[in-house]
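User: I would like to go through this structure step by step. Could we begin once it is on display?
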Amino acid sequence: MIIPKGKPVHKELSSSFVDLAKLIEELRANAFSGTIELVGLKHEGEVLLEHGSVVMIRIQGEESLLGKQHLNAVLKLAKRENLLISTYMLPPESVVFLCEFLQSERIYENLSSEFTDPKGLITKFEQEEGDYFVEVIFQKNLGAGILFIQDHHLMDALLSILGKDISSGEVAIQDIIDGSRELGAVFNVYK
């Protein structure tokens, strides 16, 4: 799962110098909404905050953790392993959307835009029962996006393209469709 990045606030701070707990306290005091990205040799993941409150944690690696109840384990991990810490600001509604995405299960993977039309893929899942996320990963690491289909409707999207601000809503939906056709992309579908 690739989480689209928002506006960078901090980039690649080392957990050997930065106290993650104090950083989270500072973000809480400022009612920050967005992600704290954690990258290390043995682990990587995200802490999602909405209006300063930790709402979701996902860590993958030697230990895999999912859920906000794992905050203490992440703080211990940051002290034990040198992690690079980056923060990205997102609108609060996008954080809620990403929390749901992180809790979903992959049902299709590596569908190429060479053989899969993005509009046809959207239409297929609009006809199905349930909630779906379509992860779009553009070729050559140019960016990634997520489409959210709920109750037979394409509800929202997040798009992060290299060198541009994150976008959401109708603009992101159209840019994901156009970009996957023009640049090439891989789709993963989650339910």
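User: Which residues of helix H4 (residues 118-126) are buried?
Analyst: They are Pro-118, Leu-121, Ile-122 and Phe-125. Buried means under 20% relative accessible area, exposed over 50%, and partly exposed in between, with a 1.4 Å probe and protein chains only. Helices (H or I, at least four residues) and strands (E, at least two) are DSSP runs, numbered from the N terminus. Please note that this is a predicted model, in which local features need pLDDT of at least 70 and side-chain atom pairs count only at pLDDT 80 or more, while totals for chains, interfaces and linings use all residues. Residues are numbered from 1 along each chain as its sequence is written, and side-chain values use heavy atoms, leaving out hydrogens and water.
User: Why do the buried residues of H4 line one face of the helix?
Analyst: Seen down the axis of H4, they fall within an arc of 100 degrees, so they line one face. The arc is that of the directions from the helix axis to the C-beta atoms.
User: And what do they pack against?
Analyst: Their partners are strands E7 (106-112), E8 (132-138), E9 (143-150), E10 (153-161) and E12 (185-190), together with helix H5 (169-183). Contact means heavy atoms within 4.5 Å.
User: New topic: how many residues has the largest nonpolar core?
Analyst: It has 20 residues, and Leu-20, Ile-24 and Val-74 are among those with the most contacts inside it. A nonpolar core is a set of buried Ala, Val, Leu, Ile, Met, Phe, Trp, Tyr and Cys residues joined through side-chain atoms within 4.5 Å.
User: Which elements give two or more residues to this core?
Analyst: These are helices H1 (20-29) and H2 (71-80), with strands E2 (34-39), E3 (43-50) and E4 (53-61). The largest share, five residues, comes from H2. Apart from this core lies another, of 19 residues, including Phe-138 and Ile-177.
User: What does Ile-24 touch?
Analyst: Not counting residues up to four places away in sequence, Ile-24 touches Ile-36, Leu-49, Val-54, Leu-71 and Leu-75. Ile-36 also stands opposite Thr-87 in strand E6.
User: How do E2 and E6 pair?
Analyst: They pair in the antiparallel sense over six bridges. Two strands pair if DSSP finds at least two bridges between them. Strand E1 (residues 7-14) and E6 (residues 84-89) also pair in the antiparallel sense, over five bridges.
User: Lastly, is Arg-58 buried or exposed?
Analyst: Arg-58, in strand E4, counts as buried because its relative accessibility is 6%. Leaving aside neighbours within four places in sequence, its contacts include Met-1, Glu-44, Glu-46 and Leu-102.
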